[in-house]
Each structure stands twice: as C-alpha cells, then as structure tokens.
There are 4 protein chains.
Amino acid sequence: MDKRQQTVRKNDPEKTREDILAVATEEFATHGLSGARVDAIAERTRTSKRMIYYYFGSKEDLYLAVLEKAYRKIRSLEADLELADMPPVDALRTLIASTFDHDENNPDFVRLVSIENIHRATHMRRSSEIKDLNVSIIRTLANILERGRADGSFNRDIDPIDLHMLISAFCFFRVSNAYTFGTIFRRDLSEPATYARHRAMIADAVISYLQA
Amino acid sequence: MDKRQQTVRKNDPEKTREDILAVATEEFATHGLSGARVDAIAERTRTSKRMIYYYFGSKEDLYLAVLEKAYRKIRSLEADLELADMPPVDALRTLIASTFDHDENNPDFVRLVSIENIHRATHMRRSSEIKDLNVSIIRTLANILERGRADGSFNRDIDPIDLHMLISAFCFFRVSNAYTFGTIFRRDLSEPATYARHRAMIADAVISYLQA
Amino acid sequence: MDKRQQTVRKNDPEKTREDILAVATEEFATHGLSGARVDAIAERTRTSKRMIYYYFGSKEDLYLAVLEKAYRKIRSLEADLELADMPPVDALRTLIASTFDHDENNPDFVRLVSIENIHRATHMRRSSEIKDLNVSIIRTLANILERGRADGSFNRDIDPIDLHMLISAFCFFRVSNAYTFGTIFRRDLSEPATYARHRAMIADAVISYLQA
Amino acid sequence: MDKRQQTVRKNDPEKTREDILAVATEEFATHGLSGARVDAIAERTRTSKRMIYYYFGSKEDLYLAVLEKAYRKIRSLEADLELADMPPVDALRTLIASTFDHDENNPDFVRLVSIENIHRATHMRRSSEIKDLNVSIIRTLANILERGRADGSFNRDIDPIDLHMLISAFCFFRVSNAYTFGTIFRRDLSEPATYARHRAMIADAVISYLQA
DNA sequence: CATGAATGAGCGTTCATTCAT
DNA sequence: GATGAATGAACGCTCATTCAT
C-alpha cells in the first residue's frame, strides 16, 4: 500500500507552483511589473506570500517565470500547424490566420510582451530559455516563401523575419493598442465584423505584397 | 543683449510647468506609470517635489498631462504635410513615410501609448482633449483613397480607419516591440539598412494591397 | 467731501479681518486646532491665504484670536440680564436658563472650549484678555446666594464658583457630549421635549440643592 | 523559574498589539486624532511604525481600537459595584461616587470622549461594539429609582437616562474642562479639598433633587 | 494692502522582503 | 515544506509658511 497514491496530498509542490504562476500571470498582465503587487498575488493564491518567495525567490524572478511560460506556450502552438503539404498561398493564409487568432485569444501574452518592452527586454535577455527560443515560425515562413517563389506564387524576394514582422505587427497591435485606438477612433476592435474584416485584410495585404 | 532673456527666471510659472512636464515625460516613458517615481522627477527638475503637486495635483494627473502633451504634438505634425496636390500613390507613400519616421523619431510617444494601453486607456478616457482629438489623418487618408479610386490608381474599397491601422500597426510595432523582437531575432531594428528596408516595405505592402 | 465715506472701499481691513475670523471660527470649531486647515480657511475667505498671515501671523495666533472673540462674546451676554431686582430664586432660575440657552445656541463656543481643553488651555493662558476675563457671573451668583440666605430662600452655604460649575457642567456637557451621549443612549438631545425637560431639571436640581 | 516567562518574547502578537494600543491611547488622548503622530507612537513602541499598520491598518482604525478599549474598560468597571442590597440613597451615593472617581482617575478616557465629540462621534458610530454598548448603569439607576420611590426615599419621577446625564455631566466636566475652568477661575480642581467638596456636592445635589 | 509662486519638513502609508518557529 | 510576524526603505502627498513682485 503506497500511502502517497491513495491520499490526496495536500501539499503538492507542483500544483502550488502552477497555482502561483497562474495568478501571477494575471496580475502582471493586468498591472505590469511595477504595478503588480506580491500581496495581491498571494491573496488570490491557495498559499501564502511566503511561498512565492520559497518557490520563485523574488518578484522579478516570478515575473520572469511568468514570461517564460507565456513564450513556451506560443512555441508549442506553432508546431501544431501542418503547412508543409499545403500550396504556398494557402499555407501562408493559414499561418497568418493562426497568428491573428493567437494574439486575439491570448491578450495576456500580448500584454506581457508589451510590458517586457517597456522594460527594454531586460528580463527576457537574462533568460536563456527565451533568448534561445528557436523560433520555428521563421523556418516555416522561409519554407513557404521558397516554395512560393519556386512555383511562381510569389514574385518578391523577402527576408522571412521581415515578413514575420509585417504579419506580427498587425496582429499584435490590434490587441496591444485596442484600448487607445478604440478610444480615439470610437471602435470596438473585438466586434465580430471588425475581427473578420481585419483577419482577411492582413492576409490579403501580405499576399498581394508578395505577388506584386 | 538683454540678460533677462537669457537667464532662467525664478518665478516663471510657464517655464516651471514645462520643465516638470519634460522631465516627467522622460520618467513615465522610461518606467511606466507605476514604475515612475515622483522623487526621481523632482530631482531632475529645477524645482522641488512640492511644485509638482502645486502644478499638477497628483502623480496620475501629471501623467495625464504628459500624455496629453504627447498627443497634442502628433496632431500638430499631421497638419504639416501638403498632400492634396500630389498624385494619390505619391501622397500615400509620403504619408506612410511620415508616420514611419514619426514613430521612429518619437519613441517616448510610442512608449507612453503602450503604457496607456497597459492601463486600458483609463486616463486617456478621462481627457476630453485626447478623446476628442480630431484625427485629421483619417480625413487625409479618405481623400487619397477617393482620388485613387477615381483615377484608377487603387482598386480596393477600404475603410480609411482600417487602412490607418494597417500602416500604424507596422510603424508602431517596430518601435514598441523593438526590444523583444530584436532580442529574439537578434536584430537591431534601428540599423540604417533595416530602417530603410522596412520603410519601403510597409509602403509597398499597402500600395500593392490597394492595387490588387 | 470725505471721499472715504462716499466710496465703498474695496479693501476694508476691518472687514477682511472679520471675514477671516468668522471663517476660521467655523473651521477651528469643526476640526480642532490641528485638524483645521489654513488652506481651507483661505478658500472660503474673500481674500487669500497670504492675508491670513498678514493679519494674524500664524495659525496658532489666528486660533487664539478666534478663542478670544468667542470668550469676549459671552462676557457681553452676561451683562444683559437684569437680575438685581428679582427675588433670589427667580434670579437664579433666570440665570440658569440663560446659561442653558447660551450653550445650546453657541455650539461653536462649546466646541472651541472643548478643543482648548484638549490643548490643556495653553493658548488661553498666553492671552491676558482671556486670563483676566473678569467673570461677572460669579459676582452675580454671589449676590443671589447672599440675598437668598438673607431672606431664607436658600439654606446652604456654598462657594459661588462651585455653584457655577454645577450649572455650567450640565449645560456645557449637554452640547459638548451630545454626539457620544446621543449615540450610546440613542437620544437626540436637541429635540424640543428633551430640551425643555433638561432646562427645567438643572434649575430644579440646583434650587432644591440650595434649599435642602 | 522559567526564564522564558520573564523575558519579553519577540514574537508575541498579543503583546505587540497591546503595547501599540497603550502608547496610542496616550498619544491620541494627549494630542487628539489629527494632532497625534503615527511616528510618535511608533517611536515609543517596542516595534516599528510598520507594525502599527500590520495590526491596525490605518491611523483612524488604530484610534477606533483605542476608543473601543477605553469604553470596554468602563463597562467592566460598572459591573463591580454591588448596589442591589443597599438602601436606595446609599446605593445612589455609592454609584455617584464611583462615577466621580472613575472620571477623575481616567482622564485619558475623558479626553478621548471629548475628542470623539469634536469628531461628531463619527468613528464611534462605525463601531458596533461601542454603539451596542449595553449600558448597565441605566438599569442600575432605574432599579435604585424604583426602590427609592417604593420605600419613600425619593419623590420625583425621573427618566434614568436624564439622571445619568445629570451625574455624568458634572463628573465629566470637572475633568474635561479642568484646564479652561481652572485657568479662568484660578482654581486647581485636583486639589484634595476641592475634590472632596465636589464629590459631596454632586451627590447632595442629586439626592435633594430626587427628594424635593 | 495684496497676490501667485514657491518651499522644507514631515505626514500617513505601502512596498518587497526576511525572520523565527 | 510551510507559516504568521516582523521589517527598513521609500513612496505619494500635505502641511504651515515665506518669497518676489
């Protein structure tokens, strides 16, 4: 009889860690690094403030853990698409739609990245995990571009990182700047019609750019 | 030579205000609203911390004044371009280049807008000055689009606000996300070659999108 | 032609002083010495904060001026009663009623005295005007007591100051402690029925004490 | 002899709380709510200013805790007298003497109540503990009055709360207004002879009032 | 007489963090 | 592995007061 397997262990270190991380993600994404309160995180956690320090050492290290987890998640998402077998234009449209949807569905990620930019990416640079993030999307894009130029779908020769930026910028900005842009232009960017129109627009713009 | 015009007068409310505002802009742009320190602003000011409260009432109100000034500045810039007489394509290229250069040259503005988005534009909304910012760029874009469709330069019918977003997103993102993007892709976005390439890219992408 | 008498002088020093004093009385009576705000007084005054210092020198001196004025007022009130010709019991009843009504009608005075007691009468002691306040009520009481013992109205030999205290305590306490007493015993002491009952009670108690 | 019981333990929350409360009582009683300084309290405490906020949350809440403790103390004192078996007049004299002595011996309580009245009892009203203070003295007085009327000791029919006020007013005023009254009438109210004379006076006055 | 601008000192409060058990 | 108690440093802000005109 293994007592451990029968009893619901009250102190599950992994769960405690994950619990803290989840609450911290929300708090940092909502208030920024300096705006976030360790006390606020502790209060909404199953454990105490002391545990945050026990597991993560400091507020900044907790923030970094949150950031790392957020980046880890997108990397895993990128892998899911099966684009190799699609015609280049279709593959690109799928990839763009996926990026678009990802940012729309993960505002916390978008906010965390914005916050990290306010801090001039100083924490991210300390993290080998993020720094060495092998961004598969660039390889994917390079492959699509190559195939497209080979079969005549695309005419333009372009750096895949630049292309990624063109796509990312639009998808990211829609979410990151939704509040100021929405306020000034009196527009609710998350309205379904707007959402669909923008989703088509960025794909069309990119494709026509590559074909021009 | 009147010495009085050269010397910094002690009791010059306008100068005191402007001095505080300039220092505060830097501090808020660098550290965000919660990260900024009133003490830090005061130290780099000609006057004391007390004066900040004398003129601005609170840290948040000072932040709002900084934000308002930043937005006031771009509005005045927009007015300077004389695009009415140019052919639509040329006018659009000029406008895009101007937006691109503006964001590149005003990273503080970009950062302040990012920060305000982290705060869900709550301060901006309180400011009638910013909320009622009559964004002339939309009228300008609408005019260019109309002329372009009339003379056959453009084929696509598109909402000028959507178009503004397509342009803005790229120009803004290049600056706002330069640190994380640069870190992950090991790229210095402010390098002249990159700068020039991106400046051409966004214009080409937009033009080909409108012509497709 | 005396110009002064014809023109309404805009800057009437005496009026300015009185204006400040009236506002200050309210502020000090409401918030106490340390709770009162010079800014708050200035705001509700026709003039500026600078004038307060011009006329009164400091917050404490202004407070003392307020206190002095309050005491000056009661002294003038005491003189108004014509008790010498009344029978002793009637005179005493009149005097008690007058004290009772005075405290009820001058809660600001009562509050200022309470406040001064919190400060252990330190300011009052500095003021020769208040210290040397020739309290005529004691002479009046002494006279009533003497006449009462002479004509057999009163049997008890009592120090007039002690008697004044017995009367004062009740009248003052009703006003000074109205809030705590009222809260604990759920009673509104300014209700007309209560007012009348108490007014009779203190007179009856004093008279029966002197007659016992 | 266990040394631990003699030494002041460092981590004794109850002691820390009580220590702060004792110092705060003195500070608030001396300087009032707005005049009291959190720093001053902290300095005379075994702990730091931070602990005040740890235990009491804010200056106002600390003040309320002080007030509550002060009221809690008098309630417990009231219970100690065994008056039920005494003849009504004796019982009343004992009760009055007890009230008199209590106010004389607890000037801090008297001052705190005065201060709370300056604040219009706003804090007290927030405290259910004080608001619902079951004032046993009223029941005691009612019982004495009833017995006195039954056995012919007292002739007057009077509301026990009014009677309590007549007694309280004198006892309280002697302490609360000792400074201004003493200054104006050049009298030291705490002098033994005066103290004894006043102690007899209020009892005689009340008794003769009830018998008249 | 009068005023807006300016100020140093200190206020109540909060922060991320660590200690003792 | 976990907890409540404790902490120094600094934070945003306000005070009575004075300066320059």
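At what angle do helix α6 (residues 88-105) of chain A and helix α10 (residues 136-150) of chain A pack, and how far apart are their axes?

## Model and confidence

The structure is a predicted model. In chain A the pLDDT averages 90, and 93% of the residues score at least 70. Confidence in chain A is highest in helix α7 (residues 107-118), at a mean of 98, and lowest in helix α1 (residues 3-6), at 37. Residues 1-9 of chain A have a pLDDT below 50, and this stretch makes 1 contact in the model beyond near neighbours in sequence.

## Make-up of chain A

Chain A contains 13 helices and 0 strands. Read along the sequence, its pattern is α-α-α-α-α-α-α-α-α-α-α-α-α. The C-alpha trace of chain A spans about 65 × 50 × 35 Å along its principal axes.

## Helices α6 and α10

Two packed helices are described by the angle between their axes and by the distance between those axes. For α6 and α10 of chain A, the angle is about 150° and the axes lie 9 Å apart. Angles over 145 degrees count as roughly antiparallel, and α6(A) and α10(A) are therefore roughly antiparallel to each other. The crossing of α6(A) past α10(A) is left-handed. On the α6(A) side the contact is made by A:Pro88, A:Val89, A:Ala91, A:Leu92 and A:Leu95, which meet A:Thr140, A:Ile144, A:Arg147 and A:Gly148 of α10(A). By class, this contact holds 6 nonpolar, 2 polar and 1 charged residues.

In chain D, helix α6 (residues 88-105) and helix α10 (residues 136-150) pack at about 155°, with their axes 9 Å apart. That angle makes α6(D) roughly antiparallel to α10(D). α6(D) passes α10(D) in a left-handed crossing. Here D:Pro88, D:Ala91, D:Leu92 and D:Leu95 of α6(D) meet D:Thr140, D:Ile144, D:Arg147 and D:Gly148 of α10(D). The residues of this contact divide into 5 nonpolar, 2 polar and 1 charged.

## Chains A and B

How many residues of chain A are in contact with chain B? The contact involves 43 residues of chain A and 42 residues of chain B. On the chain A side, α2 (13-35), α7, α8 (122-126), α11 (160-176), α12 (178-184) and α13 (192-211) each supply at least two residues. α11(A) gives the most to this side, with 10 residues. By class, the chain A side divides into 22 nonpolar, 11 polar and 10 charged residues.

The same surface serves both copies, since 98% of the contact residues of chain A recur in chain B.

## Chains C and D

Between chain D and chain C, 42 residues of chain D are in contact with 43 residues of chain C. The helices of chain D that each supply at least two residues to the side touching chain C are α2 (13-35), α7 (107-118), α8 (122-126), α11 (160-176), α12 (178-185) and α13 (192-211). α11(D) gives the most to that side, with 9 residues. The chain D side comprises 22 nonpolar, 11 polar and 9 charged residues.

Chain D can be laid on chain C with an RMSD of 0.1 Å by a turn of 180° and a shift of 0.0 Å along the axis. That is the relation of a two-fold axis. The copies meet through the same surface, because 100% of the interface residues of chain D are also interface residues in chain C.

Helix α2 (residues 13-35) of chain C and α2(D) pack at an angle of about 110°, with axes 7 Å apart. Angles of 65 to 115 degrees count as roughly perpendicular, and α2(C) and α2(D) are therefore roughly perpendicular to each other. C:Gly32, C:Ser34 and C:Gly35 of α2(C) meet D:Gly32, D:Ser34 and D:Gly35 of α2(D). By class, this contact has no nonpolar, 6 polar and no charged residues.

Chain A does not touch chain C, and the nearest C-alpha atoms of the two are 33 Å apart. Chain A does not touch chain D either, and their nearest C-alpha atoms are 13 Å apart.

Key: Residues are numbered from 1 along each chain as its sequence is written. Chains are lettered from A and ligands numbered from 1 in the order in which they are written. This is a predicted model: local features need pLDDT of at least 70, side-chain atom pairs count only at pLDDT 80 or more; totals for chains, interfaces and linings use all residues. Axes are lines fitted to C-alpha atoms, for helices over the stretch in contact, and angles run from 0 to 180 degrees between N-to-C directions. Helices (H or I, at least four residues) and strands (E, at least two) are DSSP runs, numbered from the N terminus. Angles under 35 degrees count as roughly parallel, over 145 as roughly antiparallel, 65 to 115 as roughly perpendicular and the rest as oblique. A crossing is left-handed if the near helix is turned anticlockwise from the far one by less than a right angle, and right-handed if clockwise. Two residues are in contact if their C-beta atoms, placed from the backbone, lie within 7 Å. Ala, Val, Leu, Ile, Met, Phe, Trp, Tyr, Cys and Pro count as nonpolar, Asp, Glu, Lys and Arg as charged, and the others, Gly among them, as polar. Copies are superposed by least squares on the C-alpha atoms of residues with pLDDT of at least 70 in both. pLDDT is the predictor's confidence in each residue, from 0 to 100.
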